[in-house]
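Here is a short briefing on one structure. Look at the model first, then read on.

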Amino acid sequence: MNVYDAIVTRRSTRSYSSETVDQQLLDKIIDAGRMAPSGGNSQTCHFIVITNKDLLQKLAKMVKNCFAAMEVTDGMYKSIASAITRAKTGNYVFHYGAPCLIVMANDKNYGNNMADCSCALENMMIMANELDLGTCWINQLRWLNEDAGLLKLFRELGMKDNERIYGSLAVGYPATEDGLPVRKPLPRTGNEVTYIK
Ligand SMILES: Cc1cc2nc3c(=O)[nH]c(=O)nc-3n(C[C@H](O)[C@H](O)[C@H](O)COP(=O)(O)O)c2cc1C
């Protein structure tokens with residue numbers, strides 16, 4: 001697959017098989033993330049790669065409980081409102097049961113923290129597509145990045161005191177019939193372009 005094809009056929013995967021991802025493939029994806037540019041060449045992204053099943057389940061439960069304790073309010077970002085509504089039903093797994101979650105942390109006092117994590121996340125999504133793996137950007141841990149329980153857990157997992165989470169990525173084999181990611185691009189109806197010649 002050339003770069004353009006890998007970019008335009010990347011889609012979000014929200015249903016995963018339980019098949020684990022080979023460490024070599026994960027290393028390649030993480031390498032693609034680490035090679036992303038960073039503001040002022042800061043290289044302060046911290047990739048916390050979770051493949052431990054018990055921990056993934058524990059995280060899913062903690063995140064569900066956090067959202068279930070919140071209330072939907074007027075004008076709330078629709079994805080947060082949807083997380084709250086779904087968590088209250090009790091049946092909510094924020095990482096869609098993917099066998100790997102790459103959590104992106106960065107220095108909370110660095111102005112390009114989310115931008116740098118975003119560059120790394122996009123690189124990893126494109127790399128994973130080339131490797132026939134599905135991915136989905138998972139934002140819940142960013143929304144909850146000041147939650148005391150989650151902060152404590154992530155500090156125990158190696159996140160530093162000055163770091164917060166700015167995004168995460170579910171990675172795994174899609175639960176499709178052929179095991180391949182769905183690659184039909186969504187039409188672009190937004191993302192305006194203005195040429196000035
Ligand atoms: C900043 C950002 C946050 C996102 N957060 C989530 C999320 O928390 N959960 C989710 O299922 N998808 C999330 N997505 C994926 C988008 O919903 C998805 O990219 C969009 O609907 C277009 O679909 P596609 O990725 O299949 O092209 C996020 C994407 C971005 C760029």
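**Briefing**

T20 is found in the loop between helix α1 (3-8) and helix α2 (23-34). Helices (H or I, at least four residues) and strands (E, at least two) are DSSP runs, numbered from the N terminus. T20 counts as exposed, at 53% relative accessibility. Buried means under 20% relative accessible area, exposed means over 50%, and partly exposed is in between (1.4 Å probe, protein chains only). T20 and A83 are 63 residues apart along the chain, and their C-alpha atoms are separated by 26 Å.

This is a predicted model: local features need pLDDT of at least 70, side-chain atom pairs count only at pLDDT 80 or more, and totals for chains, interfaces and linings use all residues. Residues are numbered from 1 along each chain as its sequence is written, and side-chain values use heavy atoms, with hydrogens and water left out.

**The ligand and its shell**

- Which residues surround the ligand? They are R10, R11, S12, R14, Y96, C136, W137, I138, N139, Q140 and L186. A residue is near a molecule if one of its heavy atoms lies within 4 Å of it.
- By class, the shell around the ligand divides into 5 nonpolar, 3 polar and 3 charged residues. Ala, Val, Leu, Ile, Met, Phe, Trp, Tyr, Cys and Pro count as nonpolar; Asp, Glu, Lys and Arg count as charged; the others, Gly among them, count as polar.
- Strand β3 (residues 134-138) gives the largest share of this shell, 3 residues.
- A polar side-chain atom of S12 lies 2.6 Å from a ligand oxygen.
- The side chain of R14 has an N or O atom 2.7 Å from an oxygen atom of the ligand.
- N139 uses its backbone: an N or O atom there lies 2.9 Å from an oxygen atom of the ligand.
- On its own, the ligand has 610 Å² of accessible area, and the protein covers 67% of that. Accessible areas come from the Shrake-Rupley method with a 1.4 Å probe; for residues, only the protein chains shown count as cover.

**Aromatic rings**

- How many aromatic pairs does the structure hold? There are 3. Rings of Phe, Tyr and Trp (its six-membered ring) pair if their centres lie within 6.5 Å; planes under 30 degrees apart count as stacked, over 60 as edge-to-face and the rest as tilted.
- F67 and W143 form an edge-to-face pair, 6.2 Å centre to centre with 90° between the planes.
- This pair links distant parts of the chain: F67 is in helix α3 (residues 53-68) and W143 is in helix α6 (residues 140-143), 76 residues apart.
- Buried or exposed? F67 is buried, with a relative accessible area of 0%. W143 is partly exposed, at 22%.
- The rings of Y77 and W143 have centres 6.0 Å apart and planes at 75°, so this pair is edge-to-face too.
- Y77 lies in the loop between α3 and α4 (78-89), and W143 in helix α6; the pair links distant parts of the chain, 66 residues apart.
- One aromatic cluster is formed by F67, Y77, Y92 and W143.
- Elsewhere, the charged end of K197 sits over the ring of Y195, 5.5 Å from its centre. A charge sits over a ring if NZ of Lys or CZ of Arg is within 6 Å of the ring centre and within 35 degrees of the ring normal.

**Positive phi**

- Most residues other than glycine have a negative phi.
- Y96 has a positive phi, near 55°. Y96 lies in the loop between α4 and β2 (100-107) and is partly exposed, at 24% relative accessibility. Y96 is also one of the residues around the ligand.
- D132 has a positive phi, near 65°. D132 is found in the loop between α5 (113-130) and β3 and is partly exposed, with a relative accessible area of 31%.

**Two buried residues**

- N113 lies in helix α5. N113 counts as buried, at 10% relative accessibility.
- A polar atom of the N113 side chain lies 3.1 Å from the backbone oxygen of D107.
- The side chains of N113 and Y166 make a polar contact (3.1 Å). A polar contact is a pair of N or O atoms within 3.5 Å; within protein, one must be able to donate a hydrogen and the other to accept it, and residues adjacent in sequence count only if both atoms are side-chain atoms.
- A105 is in strand β2 and is buried, with a relative accessible area of 0%.
- A105 and I48 are 57 residues apart in sequence and 7.5 Å apart in space, C-alpha to C-alpha.
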